[in-house]
Amino acid sequence: MAHYINRLPSIRPVSFIRTFSSSSVQCAPRKSVQEANRTARRQKLRAKSREEAGESMKLQDAAQILRAVEVANSSSAYEVAIVTKFVKGSAPPRGRVALPRDARAKAEVILVFAEGNTAADAVASGADFVGGAELIPEVLSSSIQPTKVLCTPALLPVITPKLARFLGPKGLMPSVKRSTVVDNVAPAIRAAKGTMDWKGDKLGVIRAPVARINWPLDDVVKNVKAFLAAVKEGTTPTADGPLLKKRPSTILSVYLSSTRGPGIQVVDAV
């Protein structure tokens with residue numbers, strides 16, 4: 001038996017090769033976990049470098065470039081994205097602004113919960129829907145889809161139990177803090193028609209349309225600066241004491257884009 005084994009031909013290790021016609025494919029060794037992690041880190045660094053090397057320019061120059069991109073879409077909008085200092089877990093920033101020129105493509109749909117003479121004043125002031133508790137089912141069924149909701153103090157306890165969970169997540173529930181619970185509805189309706197609500201996402205980034213592509217550049221610049229001033233005022237904490245003359249801004253960076261155009265960082269906006 002021993003003599004038979006010694007005469008066996010020697011076996012040499014070979015690579016795993018599969019031959020297909022005239023070409024050969026060799027199985028590559030599997031990457032280790034450490035090497036995969038290093039590759040992922042390199043990809044993240046390259047992506048960060050590309051982001052930091054993005055376009056940045058003055059506001060008027062950015063508006064001109066985006067206008068050239070949207071030459072075939074004159075009804076497109078200029079949009080801003082504002083990155084703010086945001087503490088994780090805090091409420092998203094929000095506010096309301098009256099821009100020098102209204103940039104909205106559609107008019108506001110104003111719903112007013114009021115009765116008696118106040119309801120008549122609301123109709124005369126141009127409210128789209130006016131009424132009392134009878135309008136609640138239409139709101140819940142989305143037959144009425146308002147963009148602004150006002151209410152008198154007398155009707156607030158009536159609508160709150162049924163509409164708070166429906167209108168609250170949309171930012172439409174009337175509240176005293178937001179000046180949407182009023183007795184004098186006429187000036188509130190005029191303000192609602194001329195103001196725009198803004199709100200940040202869960203990371204504190206605020207996005208909003210601020211102008212139209214076919215506007216003069218001066219109007220675009222005025223609207224963007226007015227919006228930035230409102231966001232800065234709404235997100236910057238109050239000064240602590242009379243010696244603090246200048247409050248630090250919470251705006252980290254500002255990007256201007258269009259409906260189909262790229263996002264361009266604006267260097268003279270903060």
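**Sheets, helices and cores of the predicted model**

Threonine 152 lies in the loop between strand E8 and helix H6 (156-167); helices (H or I, at least four residues) and strands (E, at least two) are DSSP runs, numbered from the N terminus. The structure is a predicted model, in which local features need pLDDT of at least 70 and side-chain atom pairs count only at pLDDT 80 or more, while totals for chains, interfaces and linings use all residues. Residues are numbered from 1 along each chain as its sequence is written, and side-chain values use heavy atoms, with hydrogens and water left out.

The pLDDT, the predictor's confidence in each residue on a scale from 0 to 100, averages 80 over the protein, and 76% of the residues score at least 70. Over residues 1-5 the pLDDT is below 50, and this stretch has zero contacts in the model beyond near neighbours in sequence; contact means heavy atoms within 4.5 Å. Residues 239-247 also have a pLDDT below 50, with six contacts beyond near neighbours in sequence.

Threonine 152 is buried, with a relative accessible area of 7%. Buried denotes under 20% relative accessible area, exposed over 50%, and partly exposed the range in between (1.4 Å probe, protein chains only). Leaving aside neighbours within four places in sequence, threonine 152 is in contact with Phe113, Ala114, Thr118, Val181, Val182 and Val185.

E8 belongs to an open sheet of three strands in the order E7-E6-E8, with parallel pairing. Two strands are taken to pair if DSSP finds at least two bridges between them. The edge strands are E7 (129-131) and E8 (148-151), each of which pairs on one side only. From one strand to the next the twist averages 10 degrees. Strand E6 (residues 110-113) pairs with E7 in the parallel sense over three bridges, and phenylalanine 113 has glycine 131 in E7 as its bridge partner.

A further open sheet is formed by five strands in the order E3-E12-E11-E4-E10, and its pairing is mixed. E3 and E10 (205-212) stand at the edges with a single partner strand each, so one side of each is left without a neighbour in the sheet. E4 and E11 pair in the antiparallel sense over seven bridges; the bridge partner of valine 80 is leucine 256 in E11. Serine 257 also lies in strand E11. This serine 257 is buried, at a relative accessible area of 17%, and is in contact with Leu66, Ala77, Tyr78, Glu79, Pro262 and Gly263 when neighbours within four places in sequence are left aside.

Helix H3 lies across E3, E4, E11 and E12, running at about 25 degrees to E11. Axes are lines fitted to C-alpha atoms, for helices over the stretch in contact, and angles run from 0 to 180 degrees between N-to-C directions. The buried residues of H3 (residues 59-69) are Leu59, Ala62, Ala63 and Leu66. Seen down the axis of H3, these residues fall within an arc of 100 degrees, so they line one face of the helix; the arc is that of the directions from the helix axis to the C-beta atoms. They pack against E3 (56-57), E4 (77-84), helix H8 (217-235), E11 (251-258) and E12 (264-266). H8 lies across E4, E10 and E11, at about 155 degrees to E10.

A nonpolar core is a set of buried Ala, Val, Leu, Ile, Met, Phe, Trp, Tyr and Cys residues joined through side-chain atoms within 4.5 Å. The largest has 32 residues, and those with the most contacts inside it are Tyr78, Ile82, Val224, Phe227 and Leu256. H3, E4, strand E9 (196-199), E10, H8, E11 and E12 each supply at least two residues of this core, to which H8 gives the most, with eight residues. Apart from it lies another core, of 14 residues, among them Phe113, Val139, Ile144 and Cys151.

Two loops remain to be described. Serine 74, in the loop between H3 and E4, counts as partly exposed at 44% relative accessibility. Serine 74 and isoleucine 213 are 139 residues apart in sequence and 5.6 Å apart in space, C-alpha to C-alpha. Tryptophan 215 lies in the loop between E10 and H8 and is buried, with a relative accessible area of 6%. Not counting residues up to four places away in sequence, tryptophan 215 touches Arg67, Arg101, Asp102, Ala103, Val210, Val220 and Asn223.
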